[in-house]
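Student: I've just opened this one and I'm new to it. Can we walk through it together?

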Amino acid sequence: MANDNMHGSIPKIDFAGVDPAAAAGGTSDSDAARWAAVRAAVMDALCEHGCFEAIMDGLIAPELTAAVLGAGGDLETLLSLPVSTKARNTSEKPYRGYVGNIPGLPYESLAIVDPLSPDAVRAFADLMWPDTGNTGFCKSMHAYAERVAVLEAVIRRMVLESVGATAEYIEEQAKATAFKLRLTEYAAPGSDEARVVGLPAHRDTSFLAVLTQNDLDGVEVECSRGEGGSWARPALSPGGFLVFAGDTFTALTNGRVFNPLHRVVMTGDKTRYSSILFSSPKDDVVVRAIDEAVDAEHPAAYRPFEYGEYVVFCYKPEMLRHTKKLEAFAALQVDA
C-alpha cells in the first residue's frame, strides 16, 4: 500500500490550567480566560480537522496506564484469550460486541458497554473469566474509563458552549449520553516495509471518540475538509489522547464540527493495543441540531433522527464501505 499524500498534520492542544471540575472554566478570571482559550482551540481543531491530540498531564497516573495498556497489561491479557471466550462478548445491536476473525484484517476488538458503571465492567469480566471474574481487570478498567471520561466531558461541553448551547441544555444532553469502551488489538505485519490496513477508512457514528494506545502509532486521518485532502499519521505523545468527532456531533452542531475519515495502518513487528472511549446519544434519543446552531446563514443541514436507527442503517452490508453515511441518511436538500 503506497504512502500517498501523507504530509498533513493535526493540532495538538494542551489542557494545562483547565480545571475539569469547574463548569465553564471556574470562578476566577484566570480560570475563565484559560477555559475560553482552550475552548477556542478545540472548536477550531474540530471544525477544520475533526480531530486533535489532547495533552492533559496528570489525568491518568502512569501506573494505571501501564496496567491497562502496558506489556502484560489488561488489554494484552484480554486479547490473548481464546476466540471462543472473546466471542461471548455479544450484543443484538451493531458494533457492541466482539469483532474479529475477519480474513485479511489483523484486527480484534471487544466492547464494554457503560464502562463507567462498575457493575457493567464486572459483568463483562465475568463473561471473560467466569471462574475468577478478574477483579484486577475490573478495578483498573473502570478507573481508566472514568479518567478518560473526564476529558471527554470537558471537550463536549466546550464544543456545545461554542455553538451557543445553554447550561441547561448541556446538562440535559449529558444525561442522555451513553458510553462504550472498545479494547482493540492490531497484529503486526512483521516488516517495516509492509503497510497493512488494520481497519479501513471510516467515520465514527458517535459524539466523540477518545483514543489511547500503547507506544505504537497506526492511526491515519484525513486531516482537512477538502475532497482528496492530505492524510496525517499522528505520532501520539506519551500520555496523549487522540480525539475524534463523529457523525452525531456533526449533526448536533449543524455541520460546524467535521467528522473525518480515519483508518489504522500497521507496520513493523510489534502488536498495537488501543482503548477508545466513545460517547454517543442513547439509542432512543432524537439527534437534532441545537436551536442556537441554526439561523438564516446556517439553515438546518440534517433532519432529526433517532440515534439507534442511524446505527442500524450504518451497519447494513451495503453501507459498510460508504464514506458519507450521515449525508446518505439524514442530509436535507437546501435550495440554492
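Student: How many disulfides does a search of the whole structure find?

Tutor: Keep in mind that this is a predicted model. A disulfide needs two cysteine sulfurs within 2.5 Å. The sulfur of Cys-47 has its closest cysteine sulfur in Cys-51, 13 Å away, so that pair is too far apart for a bond. Across the whole structure, the number of disulfides found is zero.

Student: Which is buried and which is partly exposed, Cys-47 or Cys-51?

Tutor: Let's go by relative accessible area, where buried means under 20%. Cys-47 comes out at 21%, so it counts as partly exposed. At 0%, the buried one is Cys-51.

Student: What length does helix α1 reach from its first C-alpha to its last?

Tutor: Helix α1 covers residues 29-48, which makes 20 residues. At 1.5 Å a residue you'd expect 28 Å. The model comes close to that, with a reach of 29 Å.

Student: Where on α1 do the buried residues fall?

Tutor: The buried residues are Trp-35, Val-38, Val-42, Met-43, Ala-45 and Leu-46. Looking down the axis of α1, they fall within an arc of 160°, so they line one face of the helix. Their cover includes β1, β2, α6, β6 and β9.

Key: Residues are numbered from 1 along each chain as its sequence is written. This is a predicted model: local features need pLDDT of at least 70, side-chain atom pairs count only at pLDDT 80 or more; totals for chains, interfaces and linings use all residues. Side-chain values use heavy atoms; hydrogens and water are left out. Buried means under 20% relative accessible area, exposed over 50%, partly exposed in between (1.4 Å probe, protein chains only). Helices (H or I, at least four residues) and strands (E, at least two) are DSSP runs, numbered from the N terminus. The expected span of a helix is 1.5 Å times one less than its number of residues. The arc is that of the directions from the helix axis to the C-beta atoms. Contact means heavy atoms within 4.5 Å.
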